[in-house]
Amino acid sequence: MKLTDNVHILNWVDEMAALVKPDKIMWIDGSEEQLEELRREAVSTGELIKLNEEKLPGSYLHRSDVNDVARVEGRTFICSKKQEDAGPTNNWMDPKEMYEKLYAIYDGCMKGRTMYVIPYSMGVIGSDFAKYGIEITDSIYVVVSMQIMTRMGKKVLDAIGDSADFIKGLHSKAELDPEKRYIAHFPEDNTIMSVNSGYGGNVLLGKKCFALRIASTLGRREDWMAEHMLILGVQNPEGEIRYVCGAFPSACGKTNLAMLIPPEEYRKKGWKCWTVGDDIAWLRIGPDGRLWAVNPENGFFGVAPGTSEKSNPNALAATRKNTIFTNVVRNLDDNTVWWEGMDKNPPRNAENWKGEKWDCTDGSKGAHPNSRFTAPAVNCPCISPEFESKTGVPISAIIFGGRRAKTAPLVYQSRDWEHGVFVGSVMASETTAAATGAVGVVRRDPMAMRPFCGYNMGDYWQHWLDMGKKLSDPPKIFNVNWFRTDDEGHFLWPGFGDNLRVVEWILARCFGEADAVETEIGYEPKPEDINLDGTDLSPDDLKNILGVDRELWREECKGIREYYSQFGDRLPKKLAEELEILENKLK
Ligand code: OXD
Ligand code: MN
């Protein structure tokens, strides 16, 4: 049954149905009855495995194809009419050529299958922030995951009304052929096409595809920003909650910061942290000239390995009901799940992520390193009371970060917004020995958006600069590095909950409550300005992770200059100037 009279939606759905030729079309209304029927069907075909109803109520295990376990950046395209509008950091294909290629692949790909039509909203339905989408898919896993990750169903169609303003998304698992796998974005058509994958990051189109790649282009047109950022509320003992956004490349502890648990001494004094978002922030200028943020998602699509009662109890708690686990270990004794780093007791009677009998003593990994949980945000014990707010939360600070063994100090503040945009544009992380064998290879990941910016990165930086001019009270911009090491490679900063000590200084700076010293790269705290009560660190230890090593920073400038050169005349002049200012200060 069709759920709308909107001719724009109906015509597009008809057109796509004529292309993919499904046996049946089902409109997803969002009702629990319909979803439960689909879950039952997926269990009967093996697409989902029902887990222990007592220990993990309402939860399921899903296994993706063994060669379909991660986002495929090499096969992700921005298909703007002009190549220079996609820029040097994106794969590009001419839209006509891509449509032709994809239409050939989609032709008849849903024969014998049901086509599901999912109306969904990114952001609270009816709010000024909300943007709507329709995803067509042949996967029940996608339908039930979209129910967790977005607000979806008939109420979204009601909100769209007869408007043509919605993002079109077509997904088909097709044959799961990696050679014909494409994640294509057509920013000028508000369209996303994903084919031959069943992995969440490639197929839950509301997330990276819409809420970052397409939304970044919408934000540029409409004067707002779509960012790869967590949103954290920090409540001080006086009961005041101040908010920060944070952008970090992968493997820098973003989820842990988003769900931070204050150190004991802080908790005793009444500090508390609230999660508004763990991955994506949409930012708009408020009537007060400040930047206001919402998390457009409704759930967490988190990396499972390493999530434990110790590292992130809030994330673990979020997965204890109504969750879909992907590519983790199945404990056959009690029909629950496990992953490396959850605890020290791997199940003895278990299946690995591929569904094979797994012997935890043979040295093989049981869960895939990129195994995931898809969990409702409401499950998180520290979810912010502002999570459903239609206006969002006012942002006091933006925190950029990366993993640098040397060079970057524990924390520094940019001199102003423009300098802050420079700091974000040159964000970098070093590869670890475990991942590549080559330690210290610097990968630039501007604003942690390298894989997610839907247009030319140079234009994106200009948009940041332009937004700063429109904000009468812009957030202050900081850079942090939790990963400084000594010469033996030991971390010099404890990280995790203790990062609140740095965030406390950051927020105090935003409200004129803390001092700083000016260095060549920006403002840094004096060692005694970071509260170390309850740690075994002294202000003297902090001296090793603050300060500026001119030699290393001169090297850094060479790397930045080389990185910038690929953007040609799309590099904003202001950023070239900021680089010169830094070079001069280091002379
Ligand atoms: C994610 C990512 O899955 O950034 O959030 O890759
Ligand atoms: Mn992410």
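Helices (H or I, at least four residues) and strands (E, at least two) are DSSP runs, numbered from the N terminus. The structure is a predicted model, in which local features need pLDDT of at least 70 and side-chain atom pairs count only at pLDDT 80 or more, while totals for chains, interfaces and linings use all residues. Residues are numbered from 1 along each chain as its sequence is written, chains are lettered from A and ligands numbered from 1 in the order in which they are written, and side-chain values use heavy atoms, with hydrogens and water left out.

**The ligand sites**

Ligand 1 is surrounded by Arg71, Lys208, His228, Asp279, Arg372 and Phe452; a residue is near a molecule if one of its heavy atoms lies within 4 Å of it. By class, this shell holds 1 nonpolar, 1 polar and 4 charged residues. In this scheme Ala, Val, Leu, Ile, Met, Phe, Trp, Tyr, Cys and Pro count as nonpolar, Asp, Glu, Lys and Arg as charged, and the others, Gly among them, as polar.

| Side chain | Distance to an oxygen atom of ligand 1 |
|---|---|
| Arg71 | 2.8 Å |
| Lys208 | 3.0 Å |
| Arg372 | 3.0 Å |

Taken alone, ligand 1 exposes 210 Å², and the protein buries 82% of that; accessible areas come from the Shrake-Rupley method with a 1.4 Å probe, and for residues only the protein chains shown count as cover.

The manganese ion (ligand 2) is coordinated by Lys208 (NZ), His228 (NE2) and Asp279 (OD), at 2.1 to 2.2 Å. Donors are N, O and S atoms within 2.8 Å of the metal (3.2 Å for Na, K and Ca), and sites may look incomplete because water is not among the atoms. Along the chain, the donors of the manganese ion follow the spacing K-x19-H-x50-D. Lys208 lies in helix α8 (residues 206-222), and His228 lies 20 residues apart from it, in the loop between β12 (225-227) and β13 (230-235). Both Lys208 and His228 are buried, where buried means under 20% relative accessible area, exposed over 50%, and partly exposed in between (1.4 Å probe, protein chains only).

**Strands**

β13 and β14 form a hairpin with 5 residues between them, and Gly239 in the turn has a positive phi of about 90°. The two strands run antiparallel and are joined by 6 bridges; strands pair if DSSP finds at least two bridges between them. Leu230 stands opposite Gly246 in β14. Of the 7 residues of β14 (241-247), 6 are buried. This strand also runs parallel to β25 (residues 393-401), to which 5 bridges join it, and Ala247 has Phe400 as its bridge partner there.

Elsewhere, an open sheet of 4 strands has the order β21-β20-β22-β23, with antiparallel pairing. Its edge strands, β21 (336-338) and β23 (357-358), each pair on one side only. Ala350 stands opposite Trp358 in β23.

**Loop residues**

Asn322, in the loop between α11 (313-318) and β19 (324-326), has a positive phi of about 45° although it is not a glycine. Asn322 counts as partly exposed because its relative accessibility is 38%. Met447, in the loop between β28 (442-444) and α14 (457-470), likewise is not a glycine and has a positive phi, of about 50°. At 0% relative accessibility, Met447 counts as buried.

Note on methods
Polar contact = N/O pair within 3.5 Å; in protein donor to acceptor, adjacent residues only side chain to side chain.
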